[in-house]
Amino acid sequence: MKPVATLSRRRALQFFAGAPMLPLSTTFAGSFLLAGCGGGDDAMAAPVASYSGVSFSSMPAPALADADAMATTTVGSTMTVNYSDSSKVDFKLAYQPFFVTGDLVADGKGGKILAGGYVDINNKPIMDNTVAGKERQFFSDSPDGTSLLTVPGAKVAGVTGNTVFAVVQFEYTSSAQDGTTGMYGKLPSPIAVLTLDQNPTTGKLSLVKYHNVDTSGVNGLWITCGASLSPWGTHLSSEEYEPNAFASRASNFMDDFSKNLYGDAAEANPYNYGHLPEVTVNLDGTASIKKHYNLGRISHELVQVMPDNRTVFMGDDATNSGYFVFVADKEKDLSAGSLYVAKVGTGFSIVPGDAAAALTWIKLGSATSAEVRALVDGGIKPTDIMDVRSTDPVDATFKKVVSNGKTEWIKVRSGMEKAAAFLETHRYAAYVGASLGFTKMEGTTVNIKDKVAYSALQNIQASMVAGDKANVPGNGISVPKALVAGAVMALNLKGGQKDDKGAVISSEWMPVDTKALLAGEDIASDALGNTANPNKIANPDNLKFSEKMRTLFIGEDSGQHVNNFLWAYHIDTKVLSRIMSIPAGGESTGLHAVDELNGWTYIMSNFQHAGDWGSIHSVVKATLDPLIKANYKDKFGAAVGYLTCEPAQMKLSKA
């Protein structure tokens, strides 16, 4: 007997009361719930209203009175879906992890694999032998950039619904299991493809297969931080804090990194790191990877490719960082193009509401990835490219610059301008007069409808503050007072721009100005220990914009909030809502807002290094440390997952 295709409101509520915490669907929720809002047991008819927008309630920051909430991922926000007939429905948000790093998960071959586990150049486990008798494979406590995507024609054993993939990278691990041996920057960053089974009815995602990407062909990966999904469906990774080729290998982790990767402390070449890796997922849930050597060797954080499939706006997470843009020669192909860096005009301000400062663009050069890599493979040395002095040589052929917070005097070798532009990008950009004065410029994203890009300044201090030793007078980036809590900047995008030589830049998506959109607020320490206003953003890092929700999502990397938060800022209503709290001492990472994937909408979110205590945690540490240790493998584990709703995943368009 065929089931009756109607359901009473009472029966519906009984059904949902027993349902698991699943993602939200406006088709499912709208057609299933909204029509029943009139009460009674009448069968529900399909609504005629269409989706018109969303809003988020703001959850309170967790307090020590509820220590459990401070020691885990806590979601207390409600997402309200609005419809064209003024009706609405509320859905309570929740968090669903795929795994905690250090878990054994399915490898798709009938076996298990360690989530977040480190491997060497031969894809063999890198072992942590710091505790005798408890030897184990290193695994990361710092998952970061995540991309959710589909591949047409994909087929993976074990998937019964829709085949969906998530590419997840792991930035670093904080320490070895002895708790005292620091491991930051000493291990090659793993990157994995998760095959997910998407339930066609509810949108729920379930992990079916975990696959480590073979990075041996790109010399391993270095400190992979934020990431984005390209318009053509590839995962654009990052290599943050490019190792200083002029510094001693011991001072920039190269010896330890090389030994763990190659088994030889001298093998790794600094010039192979600080680039932009791109991951292409295959039909079977495996993947290939390449590095683009021609987007500048900077502190790559999180890039944003514009809708033209050519223009790449880049985060540059460093002291004395800059706005960099790469314009590819061909659509959907980053292997060749031109690199530009901004010069900031007068009037730069971090005060929301102040006028924008104009941006003009200096062309650093044009190159293919292959020709830059050929220089590296050919054995080019830093002293072949430029002469760098730490004291004034009293020689007019040198230029004084500030690079990574330090004053240097530079002379570029004759004929080495291209090598300087693409392998010593920070130094060369400062050398040619660009505005290299930002501090920790993190995530970038784009609002396509309004043609506005957003850029996160995790903090505003040091090189950005007038009078600081790292500040460069006259470079356009100078504020009278530090704002450690940082800000989010908005940049208008236009075409027809010219570079410093008068040539038209072949892009309709070049930033032409910059102004503050949102800013944090430094405060004296409150009762909990916060040194930034807990009801405002602090130290913004991950940024992602949802076109359909008209919402800018902001993840924090804050040493000022006792718990870091994930925020939703509606561009039109100007409402800022706290939607998630990260375990105390942890960082909000892996942010990815997906408007539609097989009709469903997702907000991906991870966290890093829970219980990484600083001075602001003195009030809470004693209470929270044992709870976080119990929740996350003695603080060695961290979660990879996504925000869900009851009863099903977000779905912003009608079926």
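The second largest cavity in this structure, which is a predicted model, has a volume of about 40 Å³. Its lining is made of Asp128, Arg136, Phe138, Phe139, Thr173, Ser175, Gln177 and Phe636. By class, these lining residues are three nonpolar, three polar and two charged.

**Cavities and pockets**

Over the whole structure, a search finds two cavities of 30 Å³ or more. The largest cavity has a volume of about 80 Å³. Among the residues around the largest cavity are Val119, Asp120, Ile121 and Asn123. Pro188, Ser189, Pro190 and Ile191 also belong to this lining, as do Asn212, Val213, Thr215 and Leu261. The lining of the largest cavity divides into seven nonpolar residues, four polar ones and one charged one.

The largest pocket has a volume of about 610 Å³. Its lining counts 27 residues, and those closest to the centre of the pocket are Leu229, Ser230, Pro231, His592 and Ala593. Several strands give two or more residues to this lining: E8 (142–149), E12 (228–229), E16 (300–305), E26 (441–447), E31 (540–546) and E35 (587–597). Strand E35 provides the largest share, six residues. In the lining of the largest pocket, 14 residues are nonpolar, nine are polar and four are charged.

The second largest pocket holds about 510 Å³ of space. It is lined by 28 residues, and Tyr241, Glu242, Pro243, Asn244 and Asn404 are the closest to its centre. Strand E18 (319–321), strand E24 (406–412) and helix H8 (425–431) each supply at least two lining residues. Which element gives the largest share of the lining of the second largest pocket? That element is H8, with three residues. The classes in this lining are ten nonpolar, ten polar and eight charged residues.

The table lists the volumes of these spaces.

| Space | Volume |
|---|---|
| Largest cavity | about 80 Å³ |
| Second largest cavity | about 40 Å³ |
| Largest pocket | about 610 Å³ |
| Second largest pocket | about 510 Å³ |

Phe56 has Met79 in E2 as its bridge partner.

The loop between helix H3 (67–70) and E2 contains Thr72. Is Thr72 buried, partly exposed or exposed? Thr72 has a relative accessible area of 22%, so it counts as partly exposed. Between Thr72 and Tyr632 the C-alpha to C-alpha distance is 8.8 Å, while the two residues are 560 residues apart in sequence.

**Aromatic pairs**

A pair of aromatic rings is described by the distance of the centres and the angle of the planes. The structure holds 16 aromatic pairs. One of them is formed by Phe98 and Tyr642, whose ring centres are 5.3 Å apart and whose planes lie at 25°, so the pair is stacked. This pair links distant parts of the chain, with Phe98 in strand E3 (residues 88–100) and Tyr642 in strand E37 (residues 639–645), 544 residues apart. Phe98 has a relative accessible area of 13% and is buried. Tyr642 is buried too, at 0% relative accessibility.

Another pair is formed by Tyr454 and Phe545. Their ring centres are 5.9 Å apart and their planes are at 40°, so this pair is tilted. Because Tyr454 lies in strand E27 (residues 452–457) and Phe545 in strand E31, the pair ties together parts that are 91 residues apart in sequence. Tyr454 and Phe545 are both buried. Strand E31 is also among the elements that give two or more residues to the lining of the largest pocket.

Which residues form one aromatic cluster? The members are Phe313, Tyr323, Phe348 and Phe438.

Definitions and conventions
Residues numbered from 1 in each chain as written. Predicted model: local features only at pLDDT ≥ 70, side-chain atom pairs only at ≥ 80, totals over all residues. Heavy atoms only, no water. 1 Å grid on protein atoms, 1.4 Å probe; cavity = no way out; pocket = protein on both sides within 12 Å on 5 of 7 lines; lining within 4 Å. Points joined across faces, edges and corners; volume = space filled by probe spheres on them. Nonpolar A, V, L, I, M, F, W, Y, C, P; charged D, E, K, R; others polar. Helix = DSSP H or I, 4+ residues; strand = E, 2+ residues; numbered from the N terminus. Pairing = 2+ DSSP bridges. Phe/Tyr/Trp six-rings, centres within 6.5 Å; stacked < 30°, edge-to-face > 60°. Buried < 20%, exposed > 50% of the residue type's maximum accessible area, 1.4 Å probe, protein only.
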